Amino acid sequence: MQGDGQGFKTLFRKLYFMVLPTSRMRTRYVVKHRELFHHIGRDLFFQPRKFPSDPELISFGDNVKIASNVTFINHDICSSMFNTKYNTLIFKEWGGYFGR
C-alpha cells in the first residue's frame, strides 16, 4: 500500500481488510501480504480493523499480539512542533520516532 494511499487498489485493500469478520481472518491477510510491511516475525496476531497507513514502515517481531483499537501513527509533526515552540532545530525525526 505504498504511494499516496489513495489509489483504487489501496482503497479496495483497506476496505476489504476492514470488513473481514474475524481477527483470525485479518491476521491471515496480514501474514499472506507480509510484503506490505517492513518485517513480520513468527506467530503474529493482528486484531485491529483499520489497516495502518504506510505499513512498509512497520516491523513486527516474533510472538506479537496487537489488540483491537490500536492505531499506528507513522508520521507526525511532533519534531516540527517542538522546534517551533522552543525556537530551535535540535529535534529531528529518526526512523519512526524523534529524538535529540
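Analyst: In this predicted model, helix H2 spans residues 23-32, and its buried residues are Ser23, Arg26, Thr27, Tyr29 and Val30. They fall on the same side of H2, because they cover an arc of only 160° around the axis. The face turned away from that buried side carries Arg24, Arg28 and Lys32, which are exposed.

The buried residues of H2 have three packing partners: H1, strand E1 (39-40) and strand E2 (45-46). Two of these buried residues, Thr27 and Val30, are touched by Leu44. Leu44 also touches Phe60, Val64 and Ile66, when residues up to four places away in sequence are not counted.

Val30 and Leu44 both belong to the largest nonpolar core, which has 14 residues. Val30 and Leu44 are listed among the residues with the most contacts inside this core, together with Phe17, Phe37, Phe51 and Phe60. In soluble globular proteins, nonpolar side chains tend to be buried together.

Helix H1, one of the elements against which the buried residues of H2 pack, covers residues 8-19 and includes Tyr16. Tyr16 has a relative accessible area of 40% and is therefore partly exposed, since that value lies between the limits of 20% and 50%. With Phe8 and Phe12, Tyr16 forms a nonpolar patch on the surface, and the accessible area of these residues together is about 390 Å².

A search of the whole structure finds two salt bridges. In one of them, Asp62 pairs with Arg42, and the closest N and O atoms are 3.4 Å apart.

Another salt bridge joins the side chains of Lys65 and Asp43, at 3.5 Å from N to O. Because Lys65 lies in strand E4 and Asp43 in the loop between E1 and E2, the pair ties together parts that are 22 residues apart in sequence. Lys65 counts as exposed at 51% relative accessibility, and Asp43 is partly exposed at 48%. Side chains of opposite charge can pair when their charged atoms come close.

Note on methods
Residues numbered from 1 in each chain as written. Predicted model: local features only at pLDDT ≥ 70, side-chain atom pairs only at ≥ 80, totals over all residues. Heavy atoms only, no water. Core = buried A, V, L, I, M, F, W, Y, C linked by side-chain atoms within 4.5 Å. Buried < 20%, exposed > 50% of the residue type's maximum accessible area, 1.4 Å probe, protein only. Contact = heavy atoms within 4.5 Å. Patch = residues over 30% accessible without salt bridge, like charges linked within 9 Å, V, L, I, M, F, W, Y side chains within 5 Å. Areas by Shrake-Rupley, 256 points an atom, 1.4 Å probe, with all protein chains shown as cover. Salt bridge = Lys/Arg side-chain N within 4 Å of Asp/Glu carboxyl O. Helix = DSSP H or I, 4+ residues; strand = E, 2+ residues; numbered from the N terminus. Arc of directions from axis to C-beta.
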